[in-house]
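Please read them alongside the model.

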Amino acid sequence: MCELGKPACMITRKRLIDQDAAPFLYQSIGDYQKEQFEKSSFRRIGELAEVVLKLYGAVPFPADSEAPRNVGFKKSGELIYVDSPSKMTGHSTLKKAQSYRNSFMGKEYGKITVLGWNFVPEIGEIISNLNDPKIDVLVIPPDLLDILKTKAKYKKLVESDKIKFSSLQYLTIKPVKMEEYYNAHYKITVELENYIILSPEALPLDSKNKQKLEEVIAEDPLTLIEYRSVDPDYDGEVFRSKWQDYRQNVANDKILSKL
């Protein structure tokens, strides 16, 4: 199946689980913002990128400099790179950002910040492997295109400084435990430690729901995890889910999966 909306994809995954479906693959093409972009008053992605730069407090390079319209800078010497709403920000984007930081327009910058709309699932692992303290990755507010239905609105937004760019969400786990089970088979225990989501201020929620979300984050952030899946033979490139479960699915509570 193919679906643009994230809620619809979640519902479909739940239905597949309820029907004891064979292992299935869930992939993203990164076009969640495409429909909103097409409905907006912006006709070119470069034009939108310049608006995002200004909302972040950066300055686009002059038109006669022949610099890409999605690259700007701050007076502090920081380079800013805005990714496309039709792309998944991943390894190639961050490597390109690194090359820009080192020699963009014949100049070396001390730091670069990448602003992205959508991200590959393994973005946390990619950032960790790069181990580059001079590159930051931030999330463009998911409802920004809906807010920017007219060009005139962004000028007021720049002045209000109400648009917040959030850090990436990530999950941390405790050290994985492995013990021999029987006949050279092993039992692996994975215990989740913490789940950091996008800042409530960056999510399209009203004040009442933002307050509720903040309370949940403070008390038990792991309850915000809706879906989990396991690939026991992960090759480091393609995740092939062999076992899946979702919150409130009591059918799996007393079942030991045979992986």
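1. A salt bridge here is a side-chain nitrogen of Lys or Arg within 4 Å of a carboxyl oxygen of Asp or Glu. Glutamate 191 and lysine 174 form one, with their closest N and O atoms 3.2 Å apart. Glutamate 191 sits in the loop between strand 11 (185–189) and strand 12 (192–196), and lysine 174 in the loop between strand 9 (170–173) and strand 10 (177–182), so the pair links distant parts of the chain, 17 residues apart. Helices (H or I, at least four residues) and strands (E, at least two) are DSSP runs, numbered from the N terminus.

2. The model is predicted: local features need pLDDT of at least 70 and side-chain atom pairs count only at pLDDT 80 or more, while totals for chains, interfaces and linings use all residues. Residues are numbered from 1 along each chain as its sequence is written, and side-chain values use heavy atoms, with hydrogens and water left out.

3. Buried means under 20% relative accessible area, exposed over 50%, and partly exposed in between (1.4 Å probe, protein chains only). Glutamate 191 is partly exposed at 40%, and lysine 174 is partly exposed at 34%.

4. The structure holds 5 salt bridges. Another of them joins aspartate 132 to arginine 101, with the closest N and O atoms 2.7 Å apart. Aspartate 132 lies in the loop between helix 5 (123–130) and strand 7 (135–139) and arginine 101 in helix 4 (residues 91–103), so this pair ties together parts 31 residues apart in sequence. Both residues, aspartate 132 and arginine 101, are buried.

5. Aspartate 83 and lysine 87 also meet through their side chains in a salt bridge (3.5 Å, N to O). Aspartate 83 is buried at 3% relative accessibility, whereas lysine 87 is partly exposed at 36%.
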